[in-house]
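Try each task before you read its solution.

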Amino acid sequence: MRHSLVATLFAAAALTACGPTVSYQRAPDIRIEPGSGWAWSPPDNDGLTREQGANLPPDSTARLISATIERALVAKGFPRTSPESARFIVHYHVGRRQVSD
C-alpha cells in the first residue's frame, strides 16, 4: 500500500531565505519506516500551463527544488526506488504570485 507524502517540507530549508509559504499533507496515523523507498509521482495536469497564462517558475528552479528534495530524502536514509516498490510517493507543486502593496 502506498501512502502519499508531499515532500515540499524538505525543500523549505533551501528556500527559506526567499520567504516562501510551505505546506505539506501527510496522514498523521501513517508511519513511514526508516529506510522506506520513495519515488516521484507521475506528472499530473493540475494547474494552468504557460500557454494558459500561468506564471510558472523557470525549469531551472524546478530542477533545483527536485534535486533538493531528493538529496534531503536520501540523506535521511530514504532511498529512491521504482514507483512499483515505493513505500511513499513524492509530489510537489510550485506556485508564484505577485503582490503589490
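**Exercise 1: around S41**

Leaving out neighbours within four places in sequence, S41 is in contact with I89, V90 and H91, where contact means heavy atoms within 4.5 Å. Before going on, bear in mind that this is a predicted model: local features need pLDDT of at least 70, side-chain atom pairs count only at pLDDT 80 or more, and totals for chains, interfaces and linings use all residues. Residues are numbered from 1 along each chain as its sequence is written, and side-chain values use heavy atoms, with hydrogens and water left out.

Task: work out where S41 sits and which side chain it joins in a polar contact.

Solution. Step one: find S41 in the loop between β2 and α2. Helices (H or I, at least four residues) and strands (E, at least two) are DSSP runs, numbered from the N terminus. Step two: look at the side chains of S41 and H91, which are joined by a polar contact of 2.4 Å. A polar contact is a pair of N or O atoms within 3.5 Å; within protein, one must be able to donate a hydrogen and the other to accept it, and residues adjacent in sequence count only if both atoms are side-chain atoms.

**Exercise 2: the layout and the confidence**

Task: describe the order of helices and strands in the chain, then say where confidence is lowest and where it is highest.

Solution. Step one: count two helices and three strands. Step two: read along the sequence, and you get β-α-β-α-β. Step three: check pLDDT, the predictor's confidence in each residue, from 0 to 100. The chain averages 74, and 64% of the residues score at least 70. Strand β1 (residues 3–5) comes out lowest with a mean of 43, while β2 is highest at 94. Over residues 1–17 the pLDDT is below 50, and this stretch has 43 contacts in the model beyond near neighbours in sequence.

Step four: look at the contacts of the chain between residues at least 6 apart in sequence; 77% of them join residues at least 24 apart.

**Exercise 3: rings and core**

Task: find the aromatic pairs, then list the residues of the largest nonpolar core.

Solution. Step one: the structure holds three aromatic pairs. Rings of Phe, Tyr and Trp (its six-membered ring) pair if their centres lie within 6.5 Å; planes under 30 degrees apart count as stacked, over 60 as edge-to-face and the rest as tilted. The ring centres of W38 and W40 are 5.2 Å apart with planes at 85 degrees, so this pair is edge-to-face. F78 and F88 are also an edge-to-face pair, with 5.6 Å from centre to centre and 85 degrees between the planes. F78 lies in the loop between α2 (59–75) and β3 (88–90) and F88 in strand β3, so the pair ties together parts 10 residues apart in sequence. Ring pairs also link W38, W40 and Y92 into a cluster.

Step two: check burial. Buried means under 20% relative accessible area, exposed over 50%, and partly exposed in between (1.4 Å probe, protein chains only). W38 and W40 are both buried, and so are F78 and F88.

Step three: collect the core, meaning a set of buried Ala, Val, Leu, Ile, Met, Phe, Trp, Tyr and Cys residues joined through side-chain atoms within 4.5 Å. The largest one has 10 residues: I32, W38, W40, I65, I69, L73, F78, F88, V90 and Y92.

**Exercise 4: S36 and T81**

Task: is S36 buried or partly exposed, and which is T81?

Solution. Step one: S36 sits in the loop between α1 (8–15) and β2. Its relative accessibility is 8%, so S36 counts as buried. The S36 side chain reaches the backbone oxygen of E33 at 2.6 Å. Not counting residues up to four places away in sequence, S36 touches F78, P79, R87 and F88.

Step two: T81 lies in the loop between α2 and β3. With 28% relative accessibility, T81 counts as partly exposed. The side chain of T81 makes a polar contact of 2.8 Å with the side chain of S85.

T81 and S36 are 45 residues apart in sequence, and 9.3 Å apart in space from C-alpha to C-alpha.
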